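Let's take a walk through this structure together, one piece at a time. Have the 3D view open and follow along.

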Amino acid sequence: MRAVGYQNPLPIEDPAALVDIDVPKPEPDGRDLLVAVKAISVNPVDTKVRKSVKPAEGAWKILGWDAAGTVTAVGPQATLFKSGDAVFYAGAQERPGTNAEFHLVDERIVGLKPQSLGWSEAAALPLTAITAWEALFDRLQVGRSVPGAANAILIVGGAGGVGSIAVQLARTLTDLTVIATASRPETQRWVKELGAHHVIDHRKPLAQEVAALGLGAPGFVFSTTNTDQHLAEIVELIAPQGRFALIDNPAQLDINPFKRKSVSTHWEFMFTRSMFATADMAAQGALLNEIARLIDAGRLRTTLSERFGPINAASLRRAHALIESGRAMGKIVLEGYESDP
């Protein structure tokens with residue numbers, strides 16, 4: 001089967017950073033589904049792994065987590081899906097990725113594709129929707145108010161993949177005032193269109209920007225990017241007893257300044273459930289089914305922003321380069337193969 005992989009961590013400008021390869025088609029076992037991949041999207045985790053993880057000598061590393069496609073076979077213990085089902089999912093970090101014609105995935109982390117979306121629109125959603133949902137409702141528990149705080153959430157990086165769906169979830173499923181950050185005119189428009197009540201510029205001091213809104217100190221802050229650059233401002237602006245969540249990887253994270261406000265700090269890593277086969281692993285499949293229901297009901301929209309053509313090494317190198325530039329907005333999606341009908 002066709003796939004895209006690499007053997008050595010290289011700068012994305014190097015043609016060998018990602019190459020077109022041919023590998024054996026996998027076979028499902030246990031609770032696995034074999035999915036014919038129709039579309040994929042690219043996430044920052046793809047670029048981070050490509051730059052830092054070297055596969056075993058002579059082996060190929062196949063990246064990719066987000067996918068939408070059709071189930072073509074199921075393992076002997078799989079009971080939730082059947083051949084022909086249209087699905088979407090975000091995969092598991094320790095397994096071969098979705099940058100391939102066929103992909104194995106545990107059925108517990110798979111959802112039925114939204115019926116109202118095409119392959120590309122659906123592939124844009126899983127990883128970021130799971131991340132945003134878990135951060136908002138499992139980690140921050142935004143349904144439980146912070147006494148005396150403004151009933152508001154600040155989402156740092158509102159135009160990114162996770163921010164784009166977090167803004168929608170917070171606006172649609174809660175009564176919070178949604179404050180999102182974006183720095184360019186096009187990203188500010190994007191975030192406003194997604195439902196943010198207020199958009200502020202993260203190139204300016206965040207505490208001052210939030211104070212100028214006149215809402216008071218927000219009870220919740222969700223940081224999706226550059227947390228180390230904004231941490232001091234977040235310490236200042238968040239309400240006492242507030243709750244703070246982050247998803248990026250600061251080289252250092254000194255949370256001692258939060259102590260005087262008794263602010264709780266929460267990491268969100270959407271691969272935790274699949275990585276450790278947690279007892280509630282199937283919650284991610286249920287979560288995706290709920291996202292699909294909300295999409296089909298018209299309450300959420302896809303975060304697809306750019307289509308980069310067919311699934312091949314050239315298109316993926318271009319997508320990785322844009323993500324590494326820090327100027328990506330929403331989600332970049334690739335669909336099909338050049339010889340597909």
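**A pair of helices, then a sheet**

The crossing of helix 3 and helix 4 is right-handed. Keep in mind as you look that this is a predicted model. Who makes the contact here? On the helix 3 side you'll find Thr 128, Ala 129, Thr 131, Ala 132, Trp 133, Leu 136 and Phe 137. Helix 4 answers with Gly 161, Val 162, Ile 165, Ala 166, Leu 169, Ala 170 and Leu 173. Sort the residues of this contact by class and you get 11 nonpolar, three polar and no charged ones.

Now for the geometry of that pair. Helix 3 spans residues 126-139 and helix 4 spans residues 161-173; they pack at an angle of about 50°, and their axes are 8 Å apart. Angles from 65 to 115 degrees would count as roughly perpendicular and those under 35 as roughly parallel, so helix 3 and helix 4 are oblique to each other.

Six strands make up an open sheet with parallel pairing, and their order is 11-10-9-12-13-14. Strand 11 (198-200) and strand 14 (264-267) sit at the edges with a single partner strand each, so one side of each has no neighbour in the sheet. On average, neighbouring strands here are turned by 20° against each other, ignoring direction.

Ala 180 has Val 199 of strand 11 as its bridge partner.

Finally, find helix 7 (residues 227-237), which lies across strand 9 (150-156), strand 12 (218-223) and strand 13 (243-246). Helix 7 runs at about 175° to strand 12.

Key:
Residues are numbered from 1 along each chain as its sequence is written. This is a predicted model: local features need pLDDT of at least 70, side-chain atom pairs count only at pLDDT 80 or more; totals for chains, interfaces and linings use all residues. Side-chain values use heavy atoms; hydrogens and water are left out. Axes are lines fitted to C-alpha atoms, for helices over the stretch in contact, and angles run from 0 to 180 degrees between N-to-C directions. Helices (H or I, at least four residues) and strands (E, at least two) are DSSP runs, numbered from the N terminus. Angles under 35 degrees count as roughly parallel, over 145 as roughly antiparallel, 65 to 115 as roughly perpendicular and the rest as oblique. A crossing is left-handed if the near helix is turned anticlockwise from the far one by less than a right angle, and right-handed if clockwise. Contact means heavy atoms within 4.5 Å. Ala, Val, Leu, Ile, Met, Phe, Trp, Tyr, Cys and Pro count as nonpolar, Asp, Glu, Lys and Arg as charged, and the others, Gly among them, as polar. Two strands pair if DSSP finds at least two bridges between them.
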